[in-house]
Amino acid sequence: MSTWEIVAGILLLICCALTIVICLCQDSKAQDSMTSAITGASTDSFYGKNEGRTREAKLIKITRNLTIVFFVLTLVVNIVPMFIN
């Protein structure tokens, strides 16, 4: 293994661990959607309009970005060795 493969592997592990931890920090949305379906509640409230600024929205954005980084890094780790050898 070369040095860059070791560094990329460590980055993959860190990215994977962070994604798992942040996903576990998020609240479950299944209950919210079921309650809205039964009660007919809408998101046309102050909270609904400012939903992008909440802690949950930030966690979702971080999760999405970490998942993209993980996917790209996985592709790089698997494709680059074909061109180096």
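Guide: Accessible areas here come from the Shrake-Rupley method with a 1.4 Å probe. Keep in mind that this is a predicted model.
Visitor: Which residues make a nonpolar surface patch?
Guide: Ile68, Phe71, Val72, Leu75, Val76, Ile79, Met82 and Phe83 make one of about 810 Å².
Visitor: Take Val72 from that list. Where is Val72 found?
Guide: In helix H4. Its relative accessibility is 43%, so Val72 counts as partly exposed.
Visitor: Let me zoom out. How many helices and strands are there?
Guide: There are 4 helices and 0 strands, and the pattern along the sequence reads α-α-α-α.
Visitor: And how much of the protein is buried?
Guide: Buried residues are 19% of the 85 residues.
Visitor: Now helix H1. What should its span be, and what is it in the model?
Guide: H1 runs over residues 3-25, and at 1.5 Å a residue its 23 residues should span 33 Å. The end C-alpha atoms are 33 Å apart, so the two agree.
Visitor: Which residues of H1 are buried?
Guide: Ala8, Leu12, Cys15, Thr19 and Ile22. Helix H4, residues 55-84, is included in what covers them.
Visitor: What does Thr19 touch?
Guide: Leaving out residues up to four places away in sequence, Thr19 touches Leu66 and Thr67.
Visitor: Moving on, where is Gln26 found?
Guide: Gln26 is in the loop between H1 and helix H2, which covers residues 30-39. With a relative accessible area of 23%, Gln26 is partly exposed.
Visitor: What does Gln26 touch?
Guide: Glu56, Leu59, Ile60 and Thr63, again not counting residues up to four places away in sequence.
Visitor: What's the C-alpha separation for Gln26 and Ile60?
Guide: It's 7.8 Å, with the two residues 34 apart along the chain.
Visitor: And which side chain does a polar contact join to Gln26's?
Guide: The side chain of Thr63, in a polar contact of 2.8 Å.

Definitions and conventions: Residues numbered from 1 in each chain as written. Predicted model: local features only at pLDDT ≥ 70, side-chain atom pairs only at ≥ 80, totals over all residues. Heavy atoms only, no water. Helix = DSSP H or I, 4+ residues; strand = E, 2+ residues; numbered from the N terminus. Expected span 1.5 Å × (residues − 1). Buried < 20%, exposed > 50% of the residue type's maximum accessible area, 1.4 Å probe, protein only. Contact = heavy atoms within 4.5 Å. Patch = residues over 30% accessible without salt bridge, like charges linked within 9 Å, V, L, I, M, F, W, Y side chains within 5 Å. Salt bridge = Lys/Arg side-chain N within 4 Å of Asp/Glu carboxyl O. Polar contact = N/O pair within 3.5 Å; in protein donor to acceptor, adjacent residues only side chain to side chain.
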